[in-house]
Amino acid sequence: MVRTRIAPSPTGNDIHIGNLYTALINWAFAKKNKGSFIIRIEDTDRTRLVEGAEEKILSSFLAYGLDYDEGPGKEGKYAPYRQSERLSIYKKHADELIQKRAAYYCVCTKERLDEIRKIQLTEKKVPRYDKHCLTNQVEVQKQIKKGTPYVIRLKVPEHKKIVAEDLLRGAIEFSSNDLDDQVLLKSDGYPTYHLAVVVDDTLMEITHVIRAEEWLSSTPKHILLYEAFGWQKPIFVHLPILRNPDRSKLSKRKNPVWASWYLEQGYLPEAVLNYLSLMGWSHPEGKEIFSLEEFIRVFELKDIKTSGPAFDQVKLEWMNGEYIRNMKHETLNMKLLDFIGPQYPKELVEKTIPLIQERIKKLSDYLPLTEFFFKRPEKYEIDMSKYKDILKKVGEKIETVTEWKSKEIGEAMQSVATEVGMKNSEFFMMLRVAITGKKISPPLNESMEILGKEESVSRVKSATTPES
RNA sequence: GCUCUCUUCGUCUAGCGGCCUAGGACAUCUGGUUUUCAGCCAGAGAAUCACGGGUUCGAAUCCCGUAGAGAGCACCA
């Protein structure tokens, strides 16, 4: 039974898009193998905790359709799924490591730690804990009994070769000499990431640890822990890190990174996921657009490339446009109504769909393009005063149109254009602006048909004297 | 600085020893459709496969170096 997990920290506004990517792969792999996808909240850093972040993260996953089998609110037999509620478990395991002499107590102060780090840095050495407390554990334990705050550190053996097996990269060798005596249990009683992941992944029977490459270098520490506990290791898969256009790790300074931001911008969840699936992976038949179901079916974990791809917003936008264009009218109508809110008349929105479906790439493109349907233009992008007479003429002409359909409207207007001898391009631009206020708009005749005869005539006639 | 990872058009990628004078998609440019903008259709340019050595009859593909990029090096995850 395959069990995968995503382990977000509630330390930001929402899930990071890179995390959504990792979640997608974990989710898809679990689905593909009829396994379980678990969400575990890693809230062990009390200083960076953000109020409401957990709820936001959970709702974002659901909004993207990445449903989870176990997690907060869906307690399975491995509950709780919030690390802050598992403190006694970590404490017990940290104690076990002490028993096994794989870890030790440390009472060094922040000041002393800073001091040795400073010295090591000036000596151009890698900053590392000097094992000061390891050598006098008896004295340290006395101090702890007296109430001195303490941490528990991993006792990293010397000169030990540690081999991490990564599904995508093969065997990676590390030397224990390059590893620090990591803090496992902090003085506030909370575990650090390193202790918590190993304990939880094991207890929750996670079979495949699929995470971002930034964790690759701490994997040897985790291996040391698995070995100290005598536990079986999961399969490690380190996914490429998504990059900014400048190739640095995708960050909020240089890119919108919050998953919900894309939804707010009118990107469709399925389009975003489709785009994300193409990061480091490609469809065997070279397809670019495919459903999540298809992705689950054809994707293979081992086919993911390890080089870090740049997140290209332009291509995402194109893909979103493809999804919008391929959507049924009713579906788009529904999504649009939901996106723009209830203050817009349903029937009117529905009529505009055929005119704009090919023209918008995001749901947020809708209103700027169609606002003239809902209210008269307040200003005009070109000077209308010089067209006063012609507009009057057009107004009178279209007033006589009996069948108010785009074809008839067009013919009526064309006849005026021919009569006054104006170039079509200028003539229709004038009318377009009279009706919509803008030089760029959906097709004019069809728009006028939707607007209705009375309103259209009135707009044409009054274009030179805006009410505002 | 140390450790690890990565390196094919601007970007995402195909390629897994001969089918590659390197294919597709986005983007760009040109033409067509046209009452604007999109869309659609047609076409073009764009990678000496990071560089240098090997191995081989033959290398983008295998090996070794170099360079560049990225990540990690906290009582953060």
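Q: In which loop is Lys131 found?
A: This is a predicted model. Phi of Lys131 is near 60°, a positive value in a residue other than glycine. Lys131 is found in the loop between helix H4 (110-122) and H5.

Q: Is Lys131 buried, exposed or partly exposed?
A: A residue is buried with 20 or more other C-beta atoms within 10 Å, and exposed with 12 or fewer. Lys131 has 13 within 10 Å, so Lys131 is partly exposed.

Q: What is phi of Glu205 near?
A: Most residues other than glycine have a negative phi. Glu205 sits in the loop between helix H6 (193-203) and strand E8 (208-212). Glu205 is partly exposed, with 13 C-beta neighbours inside 10 Å. Phi of Glu205 is positive, near 55°.

Q: Which residue does a cis peptide bond join to Ala79?
A: Most peptide bonds are trans. Here omega is about -5°, and the bond is cis.

Q: How far apart in space are Tyr150 and Lys186, C-alpha to C-alpha?
A: Tyr150 lies in the loop between helix H5 (137-145) and strand E4 (151-154). In sequence, Tyr150 and Lys186 are 36 residues apart. In space, C-alpha to C-alpha, the distance is 7.5 Å.

Q: Leaving aside neighbours within four places in sequence, which residues is Tyr150 in contact with?
A: Tyr150 is partly exposed, with 18 other C-beta atoms within 10 Å. Beyond four places in sequence, the contacts of Tyr150 are Tyr105, Cys106, Val107, Ile144 and Ser187.

Q: Why is helix H9 largely enclosed by the rest of the structure?
A: H9 covers residues 269-277. Its buried residues are Ala271, Val272, Leu273, Asn274, Tyr275, Leu276 and Ser277. The cover includes helix H1 (17-32), helix H8 (259-264), helix H10 (292-298) and helix H11 (313-325). H9 is largely enclosed because seven of its nine residues are buried.

Q: At what angle do H17 and H18 pack?
A: The axes of H17 and H18 are 11 Å apart. Their crossing is left-handed. From H17, the contact uses Phe428, Leu431, Arg432, Ile435 and Thr436, and from H18, Leu444, Ser447 and Met448. The angle is about 35°.

Q: How many residues surround RNA strand B?
A: The closest are Glu42, Lys249, Ser307, Pro309 and Gly410. Strand E6 (170-175), H11, helix H16 (406-420), helix H17 (424-436) and helix H18 (444-451) each supply at least two residues of this surface. The residues divide into 22 nonpolar, 18 polar and 21 charged. The number surrounding RNA strand B is 61.

Q: How far apart in space are Glu455 and Arg376, C-alpha to C-alpha?
A: Glu455 lies in helix H19 (residues 453-462). Glu455 counts as partly exposed, with 14 C-beta neighbours inside 10 Å. Glu455 and Arg376 are 79 residues apart in sequence. In space, C-alpha to C-alpha, they are 9.2 Å apart.

Q: How far apart do the C-alpha centres of domain 1 and domain 2 lie?
A: The domain assignment of chain A gives domain 1 (86-239), domain 2 (327-375) and domain 3 (380-462). Between the C-alpha centres of domain 1 and domain 2 the distance is 55 Å.

Conventions
Residues are numbered from 1 along each chain as its sequence is written. Chains are lettered from A and ligands numbered from 1 in the order in which they are written. This is a predicted model: local features need pLDDT of at least 70, side-chain atom pairs count only at pLDDT 80 or more; totals for chains, interfaces and linings use all residues. Domain bounds come from an automatic or database domain assignment. Helices (H or I, at least four residues) and strands (E, at least two) are DSSP runs, numbered from the N terminus. Two residues are in contact if their C-beta atoms, placed from the backbone, lie within 7 Å. A residue is near a molecule or strand if its C-beta atom, placed from the backbone, lies within 6 Å of it. Ala, Val, Leu, Ile, Met, Phe, Trp, Tyr, Cys and Pro count as nonpolar, Asp, Glu, Lys and Arg as charged, and the others, Gly among them, as polar. Axes are lines fitted to C-alpha atoms, for helices over the stretch in contact, and angles run from 0 to 180 degrees between N-to-C directions. A crossing is left-handed if the near helix is turned anticlockwise from the far one by less than a right angle, and right-handed if clockwise.
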